[in-house]
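Okay, thanks for making the time, everyone. Let me put the model up, and then I'll talk you through it.

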Amino acid sequence: MTKIWRRPETTTALLVLLTFIGGDIYSPKFPNVAYLLDNTTLSIETGLAALGMTFVIISGEIDLSVGSTLGLTACLFAKLLNGGIPWPIAGIATVATGCMLGWVNGVLVARLKLPSFVVTLGTFAAYRGAAQALMNAESIRIPPSLAGVDVLHLPGTAIPDELVFLIVMAIICGVVLGRTVFGRWVYATGSGIQSAIYAGVPVARVKALVFVLSGFMASLGGMLMDSRLSMAEYSHGLGLEIDAITAVVLGGTSIFGGEGTIVGTMLALLMLVFLRSAMGIANVSAEYQLAAIGSLLILSIIARNYVRRLSLSRERRMLSQAKPAQES
Amino acid sequence: MLVLVFSAVKDPSFLRETNVQSILQWVPLMVVMGLGQMMVIITRGIDVSVGSLAGLTAILVGLVTRSHTDMSAPVALALGAITGLILGSFNGLLIAFAEVPPIIATLATMIGYRGLAFIASRAKQIDSNQIPQSLIDLSQRGPFRIGGLLCPWILVLAIVIVGLGAFFLKSTRPGRDVFAVGSNPPAALLRGVSVKRTQFMVFALSGLLSGIVGVFYMSRYGFVNPGSAGVGLELMVIAAAVIGGTNVAGGTGTVLGLIAGCLLLATINVSLAVLGISENYQQLVYGVTILIGVVLDGFVKQNAARLRAT
């Protein structure tokens, strides 16, 4: 077992603490637990997308289309509901569509062996465009009975139901990734595709499946966002992919694939929630907030690259010291 | 490909002068930016920051011309090119030397540059009276007319730039290195090509060209809004490059294909407006165009692999 201080998640946990203390200094409202818990409901959709994204990035790919998938499925869900279809059926249809949209990405990447950043950039535009074409720049209201999922709390506590849902999903994802054969396959695919093929991993199927999972998570997020805002618009989830990728990378997942955990992603998400809340309270404008998230994304990758280079050179030094000893 | 463009242009409803005129004023922006994007894609990279970069450059140049409304057009263009070069070099540094994957680095600078445009302009737009007349003339006047159609100066400039770009890619050493790096990075390294330097160069060049496009944008539209200037241009030029035959897996791409791709997209763009199809479909069109280009690449590659196998 790796020592705890050498795990990438530890850095993330420290960062979470740091942002918490930083936010504490900046604003008097910050340590208010109920306020922070309520603020997490703004990031549930990002969290779900980040769970799927963790699988995708560990398998060595990237999914830029999650925000657009979320937008398209959210619009579809609202359209179906307004067409008089009962919500369980509409929900199943929406989730199925989300899986299918993800599957399209997966097939293009896995079967045609195309770079995922171009494929998902294409679907990023196409799915958003389809949502726009579907809605004609209008917004649709959600039936009142389904609106406002974000204000539901566990009875007698300040814990939002949505947060519980996210945590349950995270635990399921964590178990699948860490304790099942499929999870091992995802790591194997990401750490070296050739060796994975030689080891008998069905690489193409694994890649297709991680994209399906990403689409599935995005469609869940789409329905939750509809309910939270009590309406659907084509712009739902615009720019969400950047927050999701930031959460994954900040949580210690290697952008080059093969390494990463769900725990790390969730910790990083918590940090983003703190950061956004603190910036919100401090009246930081949206442009600065975006710039801050962007810088965070870049810095976390640069820092990891640097650490990796350090450990590589240390290994090399140890090897070069070990060799003469073997010869003599 | 060319047939598609041709038939679209030949369709009588497109032959109205205003439509062709607006294509002529739009294409220069796309080809110049597309040239940079194509070089980046040939090296297996991608640059999604170009739209924001052009917007930020337009804002920065606009802030200068606001107090110097008598500035001549060449000076403004040079200013834009230098600004773009600096911003593009920053992308290049992140990608080549800090080893951040291109998509992540340029995604971050895409939102970063957009944010800077807001911050630098204090969220105020550059109005037409703050842009020098000589600059506006760049897109509204030209050296000659063909049958009532004006060939604007920006088109002339774009042709010169693209010609230089084609020469650079075909006949100079750094130009050939771009292809070498894209088709097989380890082999390029063994052959003595500096992969990092080439990567840095293409992103710097993409920035420089996008900076010029930022100034073209000022000239074409006569105002610069920090929120909308250049938004979505990245998708448009990526679509144009990919449908024009640039291989997304790196290694191949031609200037002629790029021009054809730009003409196709510009024609589609204008025809959508003519046919009364709302702007709501534009993004769908870019997305589907990228996907078609990508899928064609994929099939070609698979066939090639099968041929090699037999």
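This is a predicted model: local features need pLDDT of at least 70, side-chain atom pairs count only at pLDDT 80 or more; totals for chains, interfaces and linings use all residues.

On the chain B side, 35 residues are in contact with 34 residues of chain A. Which elements of chain B give two or more residues to that side? Those are α5 (102-121), α11 (233-243) and α13 (282-309) of chain B. The one that gives the most is α13(B), with 13 residues. If you sort the chain B side by class, you get 26 nonpolar, 7 polar and 2 charged residues.

Now over to chain A, and how its helices pack. Start with helix α4, residues 66-82, and helix α10, residues 203-229, both of chain A. Their axes come within 7 Å and cross at roughly 50 degrees. The crossing, as α4(A) passes α10(A), is right-handed. Who makes the contact? From α4(A) it's Val66(A), Thr69(A), Leu70(A), Thr73(A), Ala74(A), Phe77(A) and Ala78(A). From α10(A), the residues include Ser214(A), Gly215(A), Ala218(A), Gly221(A), Gly222(A) and Asp226(A). By class, this contact has 8 nonpolar, 7 polar and 1 charged residue.

Next pair: helix α5, residues 87-110, against helix α6, residues 116-135, again in chain A. Here the axes are 9 Å apart and the packing angle is about 150 degrees. That makes the two roughly antiparallel, α5(A) to α6(A), and the crossing of α5(A) and α6(A) is right-handed. On the α5(A) side, look for Leu101(A), Val104(A), Asn105(A), Leu108(A) and Val109(A). Facing them from α6(A) are Ser116(A), Val119(A), Thr120(A), Thr123(A) and Tyr127(A). That contact comes out at 6 nonpolar, 4 polar and no charged residues.

One more pair in chain A: α7, residues 161-179, with α12, residues 262-281. The angle is about 150 degrees and the axes are 9 Å apart. How are these two oriented, roughly parallel or roughly antiparallel? An angle over 145 degrees counts as roughly antiparallel, so that's what α7(A) and α12(A) are. The contact uses Ala170(A), Cys173(A), Gly174(A) and Leu177(A) of α7(A), plus Ile262(A), Val263(A) and Met266(A) of α12(A). In terms of class, we have 6 nonpolar, 1 polar and no charged residues.

While we're in chain A, find Val249(A) for me. Val249(A) sits in helix α11, residues 240-250. Is Val249(A) buried or exposed? Val249(A) has 26 C-beta neighbours inside 10 Å, so Val249(A) counts as buried. Leaving out residues up to four places away in sequence, Val249(A) touches Ile255(A), Leu297(A), Ser300(A) and Ile301(A). And Val249(A) is 9.4 Å from Ile298(A), C-alpha to C-alpha, although 49 residues separate them in sequence.

Last stop, two arginines in chain B. Arg44(B) isn't a glycine, but has a positive phi of about 75 degrees. You'll find Arg44(B) in the loop between α2 (17-42) and α3 of chain B. With 18 C-beta neighbours inside 10 Å, Arg44(B) counts as partly exposed. Arg122(B) isn't a glycine either, and has a positive phi of about 50 degrees. Arg122(B) is in the loop between α5 and α6 (133-140) of chain B. Its C-beta neighbours inside 10 Å number 8, so Arg122(B) counts as exposed.

That's my tour; over to you.

Notes. Residues are numbered from 1 along each chain as its sequence is written. Chains are lettered from A and ligands numbered from 1 in the order in which they are written. Axes are lines fitted to C-alpha atoms, for helices over the stretch in contact, and angles run from 0 to 180 degrees between N-to-C directions. Helices (H or I, at least four residues) and strands (E, at least two) are DSSP runs, numbered from the N terminus. A crossing is left-handed if the near helix is turned anticlockwise from the far one by less than a right angle, and right-handed if clockwise. Two residues are in contact if their C-beta atoms, placed from the backbone, lie within 7 Å. Ala, Val, Leu, Ile, Met, Phe, Trp, Tyr, Cys and Pro count as nonpolar, Asp, Glu, Lys and Arg as charged, and the others, Gly among them, as polar. A residue is buried if 20 or more other C-beta atoms lie within 10 Å of its own, exposed if 12 or fewer, and partly exposed in between; C-beta atoms are placed from the backbone. Angles under 35 degrees count as roughly parallel, over 145 as roughly antiparallel, 65 to 115 as roughly perpendicular and the rest as oblique.
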